[in-house]
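Hi,

Here is the structure I promised to pass on. Have a look at it first, and my notes follow below.

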Amino acid sequence: MFPNFPIWPVRAATSASNLDALFIFLLLVTGMVTIMIFILVTLFALRYRHDRVEKATPILGSLALETTWSLVPFGIFLIFFVWGAVIYFGERTAPADSMDVYVVAKQWMWKLEHADGQREINELHVPVDRNVKLIMTSQDVIHSFFVPAFRLKQDVLPGRYTTLWFHAIRPGTYHLFCAEYCGTQHSGMIGSIIVMNPAEYEAWLSGGGGEGSLASTGQKLFQQLGCGSCHRSDTQGRGPNLVGVFGKPVLLEDGRTVTADENYVRESILNPGAKIVAGFKNIMPSFQGVVNEEQLLSLIAYVKSLQGSQPGGIVSNRPAVPNVSVRPRVK
Amino acid sequence: MASASTITAEREHYLNADYGFRSWLLTTDHKRIALLYLISITFFFFIGGFFALLIRLELLTPQGDLVQADTYNKLFSMHGQVMIFFFLIPAVPAVLGNFLVPMMIGAKDLAFPRINLLSWYLFIVGGGVMLYTMLTGGVDTGWTFYVPLSTAYLGTHVVLAAVSIFIAGFSSILTGLNFIVTIHRMRAPGMTWGRMPLFLWSNYATAIIQVLGTPVLAITLALVGLERMFHLGVFNPQLGGDPLLFQHLFWFYSHPAVYIMILPGMGVVSEIIPCFSRKRVFGYEFVALASIGIAVLGFLVWAHHMFVAGISLYSAMVFSFFSYLVAVPSAIKVFNWTATMYKGKIYYSTPMLYAMGFIGLFTMGGMTGLFLASLGVDVHVTDTYFVVAHFHYIMVGGMVMAYLAGMHFWWPKISGRMYPEAWGKLAAMIIFIGFNLTFFPQFILGWTGMPRRYHAYTPEFQVLNVLSTAGSTVLAVGYLLPMVYFLWSLRYGKEAGDNPWGAAGLEWKTASPPPTYNFEETPVVTWEAYNYDELPEEVPVVG
């Protein structure tokens with residue numbers, strides 16, 4: 001209507017449609033109650049103005065009214081709560097068929113990497129009608145990935161991964177804002193999400209100067225760093241076999257079980273002693289300071305790509321016959 | 001009781017009992033300390049307001065052109081720190097509470113008069129460090145001090161600002177402690193808990209939060225200082241810390257702090273509406289217990305500031321649920337205030353205009369809080385101008401309106417003089433209009449996606465920002481007016497008399513200004529609070 005006077009943000013993803021329904025419901029309910037309070041205050045002020053009333057009527061209160069205006073609002077609040085929680089749960093649980101995009105934030109730019117190897121700065125090209133999952137981390141302070149047209153926002157933290165997923169429904173260019181104050185150029189840390197038709201997206205993908213997929217970059221790094229000498233793809237390695245591990249539960253030395261997600265792989269590279277896989281020893285050196293955030297992401301993409309023929313279930317990775325270099329467990 | 005108005009000039013009271021700087025700076029009279037606080041927080045209010053005006057002027061255009069990005073970041077950081085820690089938190093408790101808590105329970109002073117003076121000195125030392133911080137370059141952490149930005153990336157006076165708030169925090173703790181002990185131990189004969197004015201209930205609830213919450217803020221700020229200066233790895237992941245731990249600790253205080261800022265304002269409104277409706281407050285017990293309910297539940301909602309920060313889905317759900325629970329007592333209060341006006345005899349005095357404005361604006365602030373408590377909605381609007389608008393509706397639309405309501409209501413008691421009623425009403429109108437013009441557009445800005453703390457913004461947000469800036473200039477005029485006519489009234493105002501509003505409450509049963517020890521003899525209370533059916537039907541000074 002007015003180009004520089006929007007009152008409703010563009011709706012460009014399924015998450016936006018879901019949220020707008022709840023928002024409109026909230027607007028209607030709270031709007032009605034607010035107007036009711038305004039009308040009552042005004043009405044009482046006019047009707048009971050001091051020169052229209054001989055004497056105030058003493059009224060102490062009413063248990064029935066107090067109960068009503070405690071329980072009825074609470075009931076309505078429960079609707080807001082459940083509806084909001086359902087939306088939140090949905091938008092924070094990525095479907096299994098999502099395509100991964102890796103995000104590294106730093107003061108004051110967004111670096112985005114596609115699984116196919118395309119790298120972008122402050123721009124993210126995605127196809128319409130696909131589930132896209134963002135795996136995000138920060139090199140320095142806390143940032144926040146905010147796309148108003150998707151009604152989505154997630155803080156991006158240093159030292160760990162946070163995720164977000166969306167399903168764009170409308171081609172176009174949408175704002176990407178940093179929503180967590182991050183220093184001098186916070187308001188300059190903005191970019192665009194470019195939602196494209198599948199054909200355009202394919203064209204864009206093939207036109208990009210990718211140096212091979214992210215996983216293949218990770219594979220090269222994996223070889224360079226000599227990871228493969230221990231993490232062998234058989235059962236003879238001094239480290240766990242990584243094939244088929246990603247996304248599966250892993251049994252730890254202390255009896256706990258963790259899911260091998262991005263944060264676990266990250267921790268295992270930077271702080272290998274934190275969670276030792278059952279049957280292995282704490283012999284791996286830390287790669288803290290050796291690999292940067294982008295290299296870490298490529299290693300994770302590589303581990304992810306190792307979806308071998310191993311069946312699901314708990315992956316113990318326990319060697320069938322202990323390698324000569326691994327001494328028997330003490331415990 | 002005969003009116004004291006004809007003999008004010010000769011009669012000794014707390015203002016003329018002694019003269020000279022020494023008599024003020026070494027006073028232990030709670031009323032004089034209240035005035036010391038009044039002067040101090042007014043000073044900080046106008047400093048914070050000046051920063052706010054500069055922020056609004058910068059946002060008149062999408063480009064960052066009035067000040068540089070770093071300067072802008074300092075402006076909103078210091079606006080927040082000054083307004084929260086040096087105006088809003090002490091506003092009602094330390095000024096009106098200090099003046100009124102002993103008088104309302106029929107006591108001569110607070111339980112610990114010297115600790116009361118100490119709390120003002122701590123406030124001044126904290127405020128002095130804050131001023132020094134500003135004058136030597138300022139700080140740009142936001143008021144939230146988020147790590148690792150504050151501990152490892154900013155080159156400004158982070159530690160100084162933290163020290164300033166650390167010290168001011170103890171002033172707040174001591175005030176709270178004093179109120180708790182005073183209300184428990186020093187009530188006049190017959191002043192049972194069930195007869196206490198609601199202002200005392202809400203200040204009591206506030207004091208609980210001050211005493212239990214503020215130490216956590218002090219610890220958190222100390223850890224920020226230690227990490228920044230000595231690289232103690234608590235919060236920064238590069239040192240092995242956890243940045244979310246900081247947010248949990250910070251909001252554990254800073255969400256309840258929101259109730260430190262609003263509960264006393266609710267108390268003020270609970271005094272004024274019955275007085276100018278000539279009627280007992282509707283549902284006294286429910287309003288009183290709602291204050292305690294807010295204080296308790298307020299400690300269980302902090303992580304609703306962290307729904308997008310990376311906390312677990314299930315903890316987010318728990319905190320969302322509790323956030324709705326804490327909204328119930330606030331709703332109860334609004335309904336009870338409204339019901340108090342029903343079948344009353346309503347006078348449109350200045351305090352009553354502010355109080356009615358409070359109901360409306362607090363309701364809007366509370367209703368938009370329901371949006372933010374809903375997980376899905378919060379994801380979109382958190383960290384946008386929607387949040388900025390929401391908390392300004394509570395803090396400025398609610399608390400500052402209540403504070404001004406209280407200042408007008410008790411000014412005759414404090415100064416012995418009436419402020420000019422016509423000017424009072426005019427200022428109340430200007431503030432109401434200016435406030436809504438400033439902050440309503442910010443709801444739409446936030447909903448359409450404008451993030452907060454942005455020095456420059458994309459052009460589609462300009463029209464709403466211009467409206468907001470226009471409103472802020474109206475608001476500024478509105479705030480200057482009372483300052484001018486209050487000062488004017490000290491010399492030229494009509495003498496108020498003991499009880500110009502015909503109000504219930506022990507503070508109105510003594511002279512204006514009150515004598516140093518408040519009452520000639522300790523009152524004995526034989527009546528319920530807000531016994532307006534036993535008081536004159538007319539408000540003497542409002543036509």
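In chain B, helix α2 (residues 30–58) packs against helix α3 (residues 69–104) at about 155 degrees, with the axes 8 Å apart. (Axes are lines fitted to C-alpha atoms over the stretch in contact, and angles run from 0 to 180 degrees between N-to-C directions.) That makes α2(B) roughly antiparallel to α3(B), a label for angles over 145 degrees. The crossing of α2(B) past α3(B) is left-handed, meaning that the near helix is turned anticlockwise from the far one by less than a right angle.

Keep in mind that this is a predicted model: local features need pLDDT of at least 70 and side-chain atom pairs count only at pLDDT 80 or more, while totals for chains, interfaces and linings use all residues. Residues are numbered from 1 along each chain as its sequence is written, and chains are lettered from A and ligands numbered from 1 in the order in which they are written.

Now for chain B as a whole. There are 15 helices and zero strands in chain B (DSSP runs, H or I of at least four residues for helices and E of at least two for strands, numbered from the N terminus). Its radius of gyration is 23 Å, close to the 24 Å that the globule rule gives for 543 residues, so chain B is as compact as a globular protein of that length. (The radius is taken over C-alpha atoms, and the rule is 2.2 Å times the number of residues to the power 0.38.) Along the principal axes, the C-alpha atoms of chain B fill a box of roughly 70 × 45 × 45 Å.

Cheers

Notes: Parallel < 35°, antiparallel > 145°, perpendicular 65-115°, else oblique.
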